[in-house]
Amino acid sequence: MASTTEKPPILDIPDEDYGDISTATMLDLYYYIRLAREMELRLINLFKQNKVVGGLYPGYAHEATTVGTALALGDDDVLLPLHRDLGAQLARRQPLKYIFAQYMGKVDSPTRGKDGNVHLANPELNIVGCISHIGAMFPVAVGISYAGRLLGKTVVTMTYTGDGGTSIGEFHEALNFAAVLNVPFILVVENNQFAYSTPTNQQYKVKRIADRAAAYGIAGEQVDGNNAMAVYAATRRAVERGRRGEGPTLLECMTMRMMGHSVHDPAGYVPRELLEEWKAKDPVARIERYLLRKRVLTPADVKDWTARLQREVDEAVEFAENSPLPQAEDAARGVWAEEGPAKSLH
Amino acid sequence: MPTTTYIDAISEGLREEMRRDSTVVCLGEDIGVYGGAFKVTDGFIEEFGAARVLDTPLAESSIVGMAIGMALRGLRPVAEMQFADFISMAFNQLVNNAGTLHYRFGFKVPMVVRCPSGGGIHGGPFHSTNPEGFFFHSPGLKIVAPSTAYDAKGLIKGAIRDDNPVLFMEHKFLYRRVRDDIPEGDFAVPLGQALVRRPGKDVTLVGYGSTTGMSLEAAKILAEEGIDAEVVDLRTLVPMDLETVIASVKKTNRVVITHEDRRRGGIGAEISAEISENAVDYLDAPVVRVAALDTPVPFSPPLEEYFLPSAAKIATAARRVARY
Ligand SMILES: Cc1ncc(C[n+]2csc(CCOP(=O)(O)OP(=O)(O)O)c2C)c(N)n1
Ligand SMILES: [Mg+2]
């Protein structure tokens, strides 16, 4: 019944073939992936305690894709993460405390309670938050890259879409614009095999979304989205391609949405066998196994990291819980640039 | 005869801003080599190069989306809609993206979207509309609508220098019919200031864009009948200079609000509500609107004429109000 079984098996780059990823980078990948997982789980707990305002759209099991892609960018590059991209925000060093404060609608969130969940920006870190309307950030990213060129700087931009978002018009528009303008734009497709309840065979007929790159005359690549090393390596290739002036890349990361669309969705429409199959490919366990085998980590390290991560998350949650709710009248302020802060990317 | 047409005034203003500030960049369909469907950017590509006078593929949503990105990353883009009607394709980018970025994230979004709008040129349902009402209702978007060549130049400069997204509603019917003597050198019209174009004591005619000229013409007709009309030109719709409107109504005690956009739920309805909230004790007659019909813009000349407001229709309404 699962459409996904009709597609070819996902690529699984052999565990050793990652080029020259440094030990420091491997450890960064591991740190942010584990941090993202820790936060996802904590957020679900907070949600159950009614401390999260509004909905929660877990990026659980997407950590290798979100962290692996975002870590490959440089500081001058611009990241535009989507609703499941907590890991990308973290890899970009968005402070944890801001993220929790945002989920709780607190005044210390960067939006001062004006927007929720991971609709988070950070001008200092060159992060632009998304709007809910899927596809809207694609052409914005293209414009940022183009502005970089006019200002004499190569600015790689990276934004995300789910499999569902590839059906929207701006997917075509923006890839085509980016191709024609030959800007360093990377569109990451987090193919988690469902758009809410809709499986991929009701969304598209090509074998791989990455194959659509050919229609735009640009590079397209599909990787195992649960393999952080492979994702990082593929993204770095895309970034380098962009910096060399070879234009945009459509990067499809194959993964699986292991929870409901949101926490309130029991996702009975997802076949159990599919979940079982993907459970064995869990991205956190995967990178951990790899780093242990490579002796980049020891079992004792793993324990230390666990304690450290929990401490960091505890501190951030405490900060957010202590942060006050915004003043009601603040709702009327801030529409216009004249009211400040009127910030820009850099 | 005054020397500068409304359309040339826009070109001049745009060109001077591009010379003054290298971060000002134009983008749109056919604006480069061809110089734009109406030739507003004629010759720009020779002076500023193809990178700053960017011919884009045909997709308004991405033209506006790109402009947002350019504005976020330090440029001041001026996007052209080939016709204002096509801005509907970019509705989401403007309403949900551009208009919310400062409120949510504190980003400034200094961009202008030029919209050749309006009827009277027999363009039919899809080349004649005045779409400002859709955006007037939305937060975070400034809207300007010049009625003279002087304002066309001054307001395009004011719009480009503004740090918010601005919709520049340039009226196609006025392009080559309205002219002014424009002073040499740099001047910008600040956004948010209405102007009394003609002082009068009996009735206030409030308009913008094409209906300012119609109102002035109506005032002439009315003067011959002994009715002294005051004409207020809004110039900027968001933020609106309601002070000037209310002051005029308090003086004349009667008001006709005019626009070429459709009547139902239009900008006139908003102004009328503001007047009744703030100056109802001063009114000696009902507030009356003269606006387009609530239909698509019809194509054939007699139909379009019936659809649109005119000096005669404004005069008729003003007479009714004056004699109420
Ligand atoms: C334009 C638009 N339509 C509908 C929605 C509601 N919506 C939010 S996420 C979603 C499914 C998205 O699926 P996909 O792109 O595969 O991303 P995923 O949630 O699986 O990561 C839908 C329908 C939306 N946010 N935007
Ligand atoms: Mg999906």
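Domain bounds, as used here, come from an automatic or database domain assignment. In this predicted model, chain B is divided on that basis into domain 1, spanning residues 3-181, and domain 2, spanning residues 195-322. The C-alpha centres of domain 1 of chain B and domain 2 of chain B are separated by 26 Å.

The interface between the two domains of chain B involves 26 residues of domain 1 in contact with 24 residues of domain 2. About 2,000 Å² of area is buried between domain 1 and domain 2 of chain B, and carbon and sulfur atoms contribute 58% of this area. On the side of domain 1, the greatest losses of area to domain 2 are those of B:His122, B:Phe136 and B:Ala145, which together account for 28% of what that side buries.

Polar and charged interactions were also examined across this interface. Between domain 1 and domain 2 of chain B, 14 residue pairs are found in polar contact, both residues being at pLDDT 80 or more. Across the interface of these domains, 2 salt bridges are found. A salt bridge is formed by B:Asp151 with B:Arg197, with a distance of 2.7 Å between the closest N and O atoms.

The side of domain 1 of chain B that touches domain 2 receives two or more residues from each of the following elements of chain B: helix H6 (132-136), strand S6 (142-144) and helix H7 (149-161). By residue class, that side of domain 1 comprises 10 nonpolar, 13 polar and 3 charged residues.

Conventions
Residues numbered from 1 in each chain as written. Chains lettered and ligands numbered in written order. Predicted model: local features only at pLDDT ≥ 70, side-chain atom pairs only at ≥ 80, totals over all residues. Heavy atoms only, no water. Contact = heavy atoms within 4.5 Å. Buried area = accessible area lost by both parts, 1.4 Å probe. Salt bridge = Lys/Arg side-chain N within 4 Å of Asp/Glu carboxyl O. Polar contact = N/O pair within 3.5 Å; in protein donor to acceptor, adjacent residues only side chain to side chain. Helix = DSSP H or I, 4+ residues; strand = E, 2+ residues; numbered from the N terminus. Nonpolar A, V, L, I, M, F, W, Y, C, P; charged D, E, K, R; others polar.
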